[in-house]
Amino acid sequence: MNASDQQQEILVRPLDGTPADEAAVAALLADYHLRTEAEKGEPVPTASELPERYRAEALTPGVLFAAQGATVLVASAAGTAAGCLVVTAPVDGRAEIKRLWTRPEFRGRGVASRLVGAALDRARADGAHTVALTVWDWRGGAVALYERLGFRTAPSWEDRERLLCMERPLTDRP
């Protein structure tokens, strides 16, 4: 199977709100946060023990992000939730990508690229002129992906060390 065949197998859609879809995304976001906390040197064993600001994302993401006006995108491959991403509604023309996560067994198959592409399309349709994101500098693969998709390092709006801020104008397509 070639790379384009693999990408064609990937379906990206908004979270549908069903209990099964909510549970699949909650599991993806729990994995994301548990991995991130471990990488920061602050491992926790379960999602219910995550820092409070992340716990609700890992337990009830659909409810939380809908209340914030954000869209949760889900990528499915072979009938399985392979990854997810959150894109905020634009504020002053700027949307933000948050929580991009692909299950390890689906990496290298275009899941993350398809999620980011769908997020850019969503932000553009919602009237954004720029999409921003933050990424930990130790996540070299993610940084390289974002750069390939047209994101560039921007002046920091974050006070957390090692968190890179990146932006991409929506005047063009990657």
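**Close-up 1. Salt bridge between Arg94 and Glu167 in the predicted model.** The side chains of Arg94 and Glu167 form a salt bridge, with an N to O distance of 3.8 Å. Arg94 belongs to strand E4 (residues 94-102) and Glu167 to strand E7 (residues 163-169), so this pair ties together parts that are 73 residues apart in sequence. Arg94 is partly exposed, at 29% relative accessible area. Glu167 is also partly exposed, at 28%.

**Close-up 2. Salt bridge between Arg35 and Glu39.** The N to O distance between these two side chains is 3.0 Å. Arg35 has a relative accessible area of 38% and is partly exposed. Glu39 is partly exposed as well, with a relative accessibility of 29%.

**Close-up 3. Salt bridge between Glu39 and Arg139.** The closest N and O atoms of Glu39 and Arg139 are 2.8 Å apart. Glu39 sits in helix H2, while Arg139 is in the loop between strand E5 (130-136) and helix H6 (140-148), so the pair ties together parts that are 100 residues apart in sequence. Arg139 has a relative accessibility of 15%, which is under 20%, and therefore counts as buried.

**Close-up 4. Network of salt bridges formed by Arg35, Glu39 and Arg139.** Glu39 pairs with Arg35 and also with Arg139. In the model, the count of salt bridges comes to 13.

Conventions: Residues are numbered from 1 along each chain as its sequence is written. This is a predicted model: local features need pLDDT of at least 70, side-chain atom pairs count only at pLDDT 80 or more; totals for chains, interfaces and linings use all residues. Side-chain values use heavy atoms; hydrogens and water are left out. A salt bridge is a side-chain nitrogen of Lys or Arg within 4 Å of a carboxyl oxygen of Asp or Glu. Buried means under 20% relative accessible area, exposed over 50%, partly exposed in between (1.4 Å probe, protein chains only). Helices (H or I, at least four residues) and strands (E, at least two) are DSSP runs, numbered from the N terminus.
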